Amino acid sequence: MAISGFGSHSNSLFFCAILATFLHKGACQIIPVQGQNLVTNNVSVVEGEMAIISCRVKNNDDSVIQLLNPNRQTIYFRDMRPLKDSRFQLVNFSDNELLVSLSNVSLSDEGRYVCQLYTDPPQEAYADITVLVPPGNPILESREEIVSEGNETEITCTAMGSKPASTIKWMKGDQPLQGEATVEELYDRMFTVTSRLRLTVSKEDDGVAVICIVDHPAVKDFQAQKYLEVQYKPEVKIVVEFPEGLTREGEHLELTCKAKGKPQPHQINWLKVDDDFPSHAVITGSDLYIENLNKSYNGTYRCMASNLVGEAFDDYILYVYDSRADGVPQKIDHAVIGGVVAVVVFAMLCLLIILGRYFARHKGTYFTHEAKGADDAADADTAIINAEGGHNNSDDKKEYYI
């Protein structure tokens, strides 16, 4: 439809805007031109909360500002609201700014809003409103409530109905874990995310929290947790109650078997390995009592405990000493032995060095009996004769002994 006879181009634009608003359709379309003076911002808002849309003009020359919805219907023309939606309210209006609030935002409000400045040619700037929908409370489910040590379990965490899709992370105590996520798209760009965590548990995991953390721009610290319940076989330890030192003939022996597991051990048994149990030994619950010890009782005594998960044992080796034995069993200290050997070797080396220096200072000349008079002899036979009978021309040779 052509428009004429309304004066300036600005008046024609004004008439088109009013006509489009009341007819609820685009009677006139204004060609969008990227403005250099018109400024706005994109807005992200959580569903049900309030969004603020701002149209700002730099160096305005008294041109008219208006705000259009995604259907290009005029929400505000200057400070007037032609659109009959009371959720839109004027926050501020001046020559340089049109500030409008939209309360109780819903998914249907999402889209591109247009800030329009009536210049020649007109300018437009676009503000995209993104509506965020937070997920529902995360739902934790486990394949089994109670797990035995060494077995694998699976835990799932579901974040339902969010926009955009949530991200799920896992923690076991303070240790991050990696799950496997699947994303299901629902209606109206809504998503449900499910993450599956598989882990093999040990007895140390009993009572440890497994935490599902949901990360989404609309919420912070959104999480759910489950405490692991792990069953494990008993841990067994034999404690000597009496005596504190050596086990001597004629005295008594008292042992206690301490067993801990989950569930608690339902049975504790004492036995002697590879031998018959002493006939007068007394077993009371987890305690073993043997009186009047003698060396025939020597051997290995074993405490065994069991529960639904398994069984375990601990051994005590009994050695009965003579009644006159005193003190406690001495353990060989290899470090002390090594130190003594080192001192002895060092002393011997010092002695050898001293002896060597002494003999070096007192060394002399030694002659055998046959060597006497050999200096003046013409041959070996003469030397022997001179040694036996003496020689007038030879000097006396003396031997010195130290």
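**Cavity lining and disulfides**

Reply: Gladly! This is a predicted model, and the lining of the second largest cavity divides into three nonpolar, one polar and four charged residues.

Me: Which residues line the second largest cavity, and what makes four of them charged?

Reply: The lining consists of Glu144, Glu145, Val147, Thr153, Lys226, Tyr227, Leu228 and Glu229. Glu and Lys count as charged, so Glu144, Glu145, Lys226 and Glu229 fall in that class. The volume of this cavity is about 30 Å³.

Me: How do you know that cysteine 55 and cysteine 115 form a disulfide?

Reply: Their sulfur atoms are 1.8 Å apart, and a disulfide needs them within 2.5 Å, so the pair qualifies. By this rule the count comes to three disulfides.

Me: Why is the disulfide of cysteine 55 and cysteine 115 called left-handed?

Reply: Because the torsion about its S-S bond is about -75 degrees. Cysteine 55 sits in strand β3 and cysteine 115 in strand β8, so the link ties together parts 60 residues apart in sequence.

Me: What makes cysteine 55 count as buried, and why is cysteine 350 called partly exposed?

Reply: Cysteine 55 has 0% relative accessibility, and buried means under 20%, so cysteine 55 is buried. Cysteine 350 comes to 29%; partly exposed lies between that cut-off and 50%, so cysteine 350 gets that label.

Me: Which strands does the disulfide of cysteine 257 and cysteine 303 join?

Reply: The S to S distance there is 1.8 Å. Cysteine 257 lies in strand β20 and cysteine 303 in strand β24, so parts 46 residues apart in sequence are tied together.

Note on methods:
Residues numbered from 1 in each chain as written. Predicted model: local features only at pLDDT ≥ 70, side-chain atom pairs only at ≥ 80, totals over all residues. Heavy atoms only, no water. 1 Å grid on protein atoms, 1.4 Å probe; cavity = no way out; pocket = protein on both sides within 12 Å on 5 of 7 lines; lining within 4 Å. Points joined across faces, edges and corners; volume = space filled by probe spheres on them. Helix = DSSP H or I, 4+ residues; strand = E, 2+ residues; numbered from the N terminus. Buried < 20%, exposed > 50% of the residue type's maximum accessible area, 1.4 Å probe, protein only.
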